[in-house]
Amino acid sequence: MARDKSNLGSLLIRGGRLIDPASKIDALMDVLLRDGRVAEIALPNKIRGGANEKFDARGLIIAPGFIDLHVHLREPGQVYKETIATGTAAAAAGGFTSVCCMPNTQPILDSPEWITWLQQSERGAVVNVFPVAAATHASKGAVLTDFRGLQRAGAVAVTDDGKPILSDDIMRETLRVASEINLPVIQHAEDTRMTENCSINDGPTAFRLGLRGMKAAAEASIVERDVQLAQQFTGARLHVAHLSTADALKAVRRGKRSRVRVTCEVTPHHFALIDENVGEYDTNFKMNPPLRSAADREALLVALADGTVDAIATDHAPHAPHEKIIEFERALFGIIGLETALGMAITRLHREQKIPLARIVELFTAGPTRVVDLRGRGTLARGSYADVTIFDPKKRWTFDASKSLSKSRNTPFNGWQFTGKVVATIVGGVIQYRA
Amino acid sequence: MNRIARGSLLGIEHMEAAEIVGLLKLARRMNPFKPRPLLRGKRVLLLFYEASTRTRSSFEIAAKSMGAMTTLVLSSGSSIEKGESLLDTAYTLRAVGADLIVVRHPNAGAPLLMAKHLDIPVVNAGDGMHEHPTQALLDAYTISRHKKSFKGLQVVIVGDIYHSRVARSAIHLLSKFGARITLCGPPEFLPELATSLAPGLHITRSVEEAARKADVIIVLRVQKERLAGMKIKLQDYIARYQMTMTRLKLAKRDALLMHPGPIIRGLELTWEVADCPQSVIVEEVRNGVPVRMAILAKALGRAR
Ligand SMILES: [Zn+2]
């Protein structure tokens, strides 16, 4: 896949429209990448000197490489669902040059050794992988992991994703210790005491299907509590994963207003779909948090537009057929999402909701870097890493799940038509994906 | 495969009214005491993942009285206990020659999943909290033997509606025919959003108000274990919602008292109510057989 594994060489991207929200640039610009870094940005045809390779980007958008804050790469332990190699290949196809992978693997990523292992080149990653470590041992919510050691090994945040840190005391301690080393704490906000045996959002669809419903309050109450706890420690950084309800958004807004360092992400499926779309027990519409009500979705759209939401994250969650083509209540939560995220964002947010392209690029680039510290990424300012996503905002295409680069096929978007497609994904100056 | 075989009965919600009328008419012509070999040579598999007395025996007698062979497969003592998936069990039963599968399952939507992957009809004998369509059909059949029309009929459903597949199927069926349905129970058993199930549903927390002028009262079973951990205590439930003779007297004189069974005397209804002249509880069970005969005959293309 990589044409040139070394970072040496140069690539000139010409004729495209550069959108780099971090640098407040939205203009026709040429970009020269050299030795894995952004060497120069200039008005069209102003870059002098040669480059080993040229990329014609006329009619295309040149953006900083997209960052996905929330993916499940399933390694170690569940390679039948996904591997780091296949998951990152799907990421590259979706325009992501960096992914933050969740620690709910087997075993759980709760030690520096695993964080190191995950980043070794033998894993075969074709995009940058930034591990998020478990906040507590085996994510059991009882004993904190070694945050400093994990951070030193490369963890960019801690979380017990898949489940929440429920106990007030443990969450307080997590935020306190993490704040001392400026480490973000990512919370999967779900009061699991309220969601036992639930497989869908609480509402008319759940009632009609005879399924137990998760109440919005199960998410909002945890976000409210966490914002209050984060307020107690200067420097604490709280990030709400896959936020899905209007009430949780209110808590985030209140937190931001009172200067708590709280950020949040929203998934494409939560801004595109609602619980009704589950139809007749389609397990490709079963995820956690569940698809919510139309009113929740409306609130997410507003928050994506007005800046309350910091990032779009996919919560890419591959599962094998035997975990999905079963009884709805027994099917595992989650869908794959790396390859459809940009198309969904442009189709639903830009074309339907009229959210400017620059804001959408921000949600994939500068936004995520407000959540986790990825110095030199999320921007194409001179000197930053040569991670670039080039896409065609007008290209219409149909997603064929059978051609996905992920190992799994669990998506509700098979056969969907999108506008907006990745043309090339460049990681460290190397073209890792080309349509 | 995602086409569902004709004759499958998965739920009332998506059925046409005409289809329901057709089945009820056909049921009237079915008599288990005058066997007709309509299904001779057919194999009906009864796949039960949950305990059942009346539904299971009723299907079995219905099938056998039309000459079909029946085989009962229970989840306990079968490969299911060893972890075989629902679909693999379904493929196995198809491979041994099943012409139709009747399935009861604790998970909502399980019969639909089977039907989507099989080329033979699947009949839902109750799936989780979702639907119990044959119960709704036999209840409609029972009502139709006593009342001229469903239209405008005042029907009350009392009890644990939230957990009840019987209630969901009954609501879908009766509302398709213009019955006026009142739901009654404590909030834990009857959330406000229950009214979203069908147009024109009413909720009341007062069983007296619900019973007044009713034509049909359907009392649902209350599982004691479901009351555990709820705000409402068993004694309060009994005091507020139990069907008593006093409450039943508020209904019309010719009102029907129904219950899908099994009944717990002294809990959701009193001893006297269960046996009173208005009670059609035993008749419901009896009517289950011709109704299920009609369903099986139609599903296997032998309805005449
Ligand atoms: Zn999560």
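Chain B contains 12 helices and 9 strands, where helices (H or I, at least four residues) and strands (E, at least two) are DSSP runs numbered from the N terminus. The model is predicted: local features need pLDDT of at least 70, side-chain atom pairs count only at pLDDT 80 or more, and totals for chains, interfaces and linings use all residues. Residues are numbered from 1 along each chain as its sequence is written, chains are lettered from A, and side-chain values use heavy atoms, without hydrogens and water.

The radius of gyration of chain B, taken over C-alpha atoms, is 19 Å, close to the 19 Å given for 304 residues by the globule rule, so chain B is as compact as a globular protein of that length; the rule is 2.2 Å times the number of residues to the power 0.38. The C-alpha trace of chain B spans about 55 × 40 × 35 Å along its principal axes. Of its 304 residues, 59% count as buried (under 20% relative accessible area, 1.4 Å probe, protein chains only). Of the contacts (heavy atoms within 4.5 Å) in chain B between residues at least 6 apart in sequence, 74% join residues at least 24 apart.

In chain A, helix H11 (residues 341–352) packs against helix H12 (residues 357–364) at an angle of about 145°, with the axes 10 Å apart; axes are lines fitted to C-alpha atoms over the stretch in contact, and angles run from 0 to 180 degrees between N-to-C directions. H11(A) contributes A:Ala341, A:Leu342, A:Ala345, A:Ile346, A:Leu349 and A:His350 to the contact, and H12(A) contributes A:Leu357, A:Ile360 and A:Phe364.

Definitions and conventions. Buried < 20%, exposed > 50% of the residue type's maximum accessible area, 1.4 Å probe, protein only.
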